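Keep the viewer open as you read.

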Amino acid sequence: MEIKTIGVVGAGKMGNGIALSAAMAGYQVVLQNRTAANLVKAKNSMENQLQRLVQKNVVTAEESAAAMGRIQMTSTFEKFDVLDFVIEVVAESLDLKTAMFAQLDAMCKKGAI
C-alpha cells in the first residue's frame, strides 16, 4: 500500500513535530487533538519552526507555505476514514489510549496502519 495521508493524534510538542516533518516530506496530514487551544498552539509552533528554517535558508517561503497547506487540524476523528497511516502521541493514560484506539478502530479504513 502506498502511503499518501498521515494522521497524528496528539498535537503536543512531539505531535506537531511529527505532523510538520510529514508535511515537509510531501504527505497530506491530519493533526488531531481534543482541544482547539492545543491545535492553535501547535499551529503557532509549526509556523515558528518554519519561519526559523526560512531565515536560515533551509527552506523557501513557498516550501514553508506548502507544508502548512498540507496540514489539516481537527478536534474530531471524522477525517480519519481516508488516512493510510496513523501515529499516536497522546498522554500516557491507559484510559485515554484505550478510548482513542477504539475510536480509531471504528473510523479508520480497512488496511490503515
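Start at Glu88 and Lys97. They form a salt bridge, and their closest N and O atoms lie 2.4 Å apart. The model is predicted, so treat that distance as a computed value from a prediction.

Glu88 is partly exposed, with a relative accessible area of 23%. Glu92 counts as exposed, at 72% relative accessibility.

A search of the whole structure finds 4 salt bridges. One of them joins Asp84 and Lys109, with the closest N and O atoms 2.6 Å apart. This pair links distant parts of the chain, 25 residues apart. Asp84 sits in the loop between strand 3 and strand 4, while Lys109 belongs to the segment after helix 4. Asp84 counts as buried, at 6% relative accessibility. Lys109 counts as partly exposed, at 32%.

In what order do its strands lie? The sheet is open, has 4 strands and runs 3-2-1-4, with parallel pairing. Its edge strands are strand 3 (71–74) and strand 4 (85–88), each of which pairs on one side only. From one strand to the next, the twist averages 20 degrees.

Look at strand 1 and strand 2 in detail. Strand 1 covers residues 5–9 and strand 2 covers residues 28–32; they pair in the parallel sense over 5 bridges. Gly7 stands opposite Val30 in strand 2. Helix 4 (residues 94–107) lies across strand 1 and strand 4. This helix runs at about 170 degrees to strand 4.

Next comes Asn16. Its place is in helix 1 (residues 13–24). Which side chain does Asn16 meet in a polar contact? The partner is Gln49, and the contact is 3.4 Å between the two side chains. Set aside the neighbours within four places in sequence, and Asn16 is in contact with Gly10, Ala11, Leu31, Ala42, Ser45, Met46 and Gln49.

The largest nonpolar core has 16 residues. Which of them touch the most other members? They are Val8, Ala19, Val29, Leu31, Met46 and Ile71. Several elements give two or more residues to this core: strand 1, helix 1, strand 2, helix 2 (36–55) and helix 3 (61–69).

Follow Ala19 through that group. Beyond its neighbours within four places in sequence, Ala19 is in contact with Val8, Val29, Leu31, Met46 and Ile71. There is also a second, separate core of 10 residues. Among its members are Phe77, Phe80, Val86 and Val90.

Technical notes. Residues are numbered from 1 along each chain as its sequence is written. This is a predicted model: local features need pLDDT of at least 70, side-chain atom pairs count only at pLDDT 80 or more; totals for chains, interfaces and linings use all residues. Side-chain values use heavy atoms; hydrogens and water are left out. Two strands pair if DSSP finds at least two bridges between them. Axes are lines fitted to C-alpha atoms, for helices over the stretch in contact, and angles run from 0 to 180 degrees between N-to-C directions. Contact means heavy atoms within 4.5 Å. A polar contact is a pair of N or O atoms within 3.5 Å; within protein, one must be able to donate a hydrogen and the other to accept it, and residues adjacent in sequence count only if both atoms are side-chain atoms. A salt bridge is a side-chain nitrogen of Lys or Arg within 4 Å of a carboxyl oxygen of Asp or Glu. Buried means under 20% relative accessible area, exposed over 50%, partly exposed in between (1.4 Å probe, protein chains only). A nonpolar core is a set of buried Ala, Val, Leu, Ile, Met, Phe, Trp, Tyr and Cys residues joined through side-chain atoms within 4.5 Å.
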